[in-house]
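Subject: Structure for your files

Hello,

Here is the structure I said I would pass on. My notes on it follow below.

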Amino acid sequence: MNLNRIVLLDNEAVQALRDPAHRKHRSVMGYVLEAAQSAARVVEIGVAVPTTVRVEAGWDRTGPSWAFINRLRIEDIPLGPDLADAAAGIRKRTGASVTDAHLGAAIQTAESDHVTVITSDPGDMRAVAEGKPIQVVAL
Amino acid sequence: MTREEAIDRINELLDSTDPETVNTSMRIPKALREAAALAVDELGVATSTTAIAANALRTLLEATVRLEVLELHFEQYPEARPSLADLAIITAEWNDNPLAQRPECIRRYAEEIVQRHPNAEPEDVLLWADAREYTAEQQRESADQPDQRGAA
């Protein structure tokens, strides 16, 4: 995705977005709403989730219990060969989990001008970014 | 067809990889078409005016779907709707506005501005906040400076 900004979600952010009763639901909704409103103004801001985060979160796009979040057109970032290589390197250097390493690979290879990560682990995200400037939103 | 069913169908169609195309007899203003042709020929923004139109339509539909999904969600869960202050804080973060480091300040000014302008946008809050902060700073500087006339 070549966007002005990409907003990446970690597992906690996915759970918060999915569940209206989650204490951080409104907080994550703010970012999704702002991204949608920006897109309507032709400022390209996308929301995306690495597929391993989806696995960790149990987010099955065919599952009816995920209907709301599915409709938001949040893009998958697959763990293809190139990202897998990048993630493997990040995991080796930082000791990150597979999902965090995948997030790190997504951060480091993003073509967007700006990267925002919504996460419950700001320190981990800065570690896997390995110096790439990111904006971390702590849940 | 319910709104949810319409959204799901639009999403299916937007995700379709079907390469089939159709000719349409869409009437658009002549000047708009000429502007698009110039953008293609002279600025190289796309491969064709058709590509411009299709991309613009896709962008608009994707944004419309997302906003409609969120609106449906807010109708069901009104408490999930972010406040003006919430959105202003995000706007400040995304625009590297120094006020992003002072969310409590943005919240205070958001409360102020909706008293006068109930339909204020996040950008309005930040402008109001900047103006209020600037005024307060000027007042502080004036108060700190001794009266030069008395000293002369």
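Helices here are DSSP runs of H or I with at least four residues, and strands are runs of E with at least two. On that basis chain B has seven helices and zero strands, in the order α-α-α-α-α-α-α. Please keep in mind that this is a predicted model.

Overall form of chain B. The C-alpha trace spans about 85 × 45 × 25 Å along its principal axes. The radius of gyration of chain B is 25 Å, whereas a compact globule of 152 residues would have one near 15 Å. Of those 152 residues, 18% count as buried. Among contacts in chain B with a separation of 6 or more, 41% are between residues 24 or more positions apart.

Helix H3 of chain B. Buried residues in H3(B) include Ala63(B), Val65(B), Arg66(B), Val69(B), Leu70(B) and His73(B).

Contact with chain A. Chain B contributes 21 residues and chain A 20 residues. On the chain B side, H1 (3–15), H3 and H4 (84–94) each supply at least two residues. H3(B) gives the largest share, nine residues. By type, the chain B side consists of 12 nonpolar, four polar and five charged residues.

Regards

Conventions: Residues numbered from 1 in each chain as written. Chains lettered and ligands numbered in written order. Predicted model: local features only at pLDDT ≥ 70, side-chain atom pairs only at ≥ 80, totals over all residues. Buried ≥ 20, exposed ≤ 12 C-beta atoms within 10 Å, placed from the backbone. Contact = placed C-beta atoms within 7 Å. Nonpolar A, V, L, I, M, F, W, Y, C, P; charged D, E, K, R; others polar. Rg over C-alpha atoms; globule rule 2.2 N^0.38 Å.
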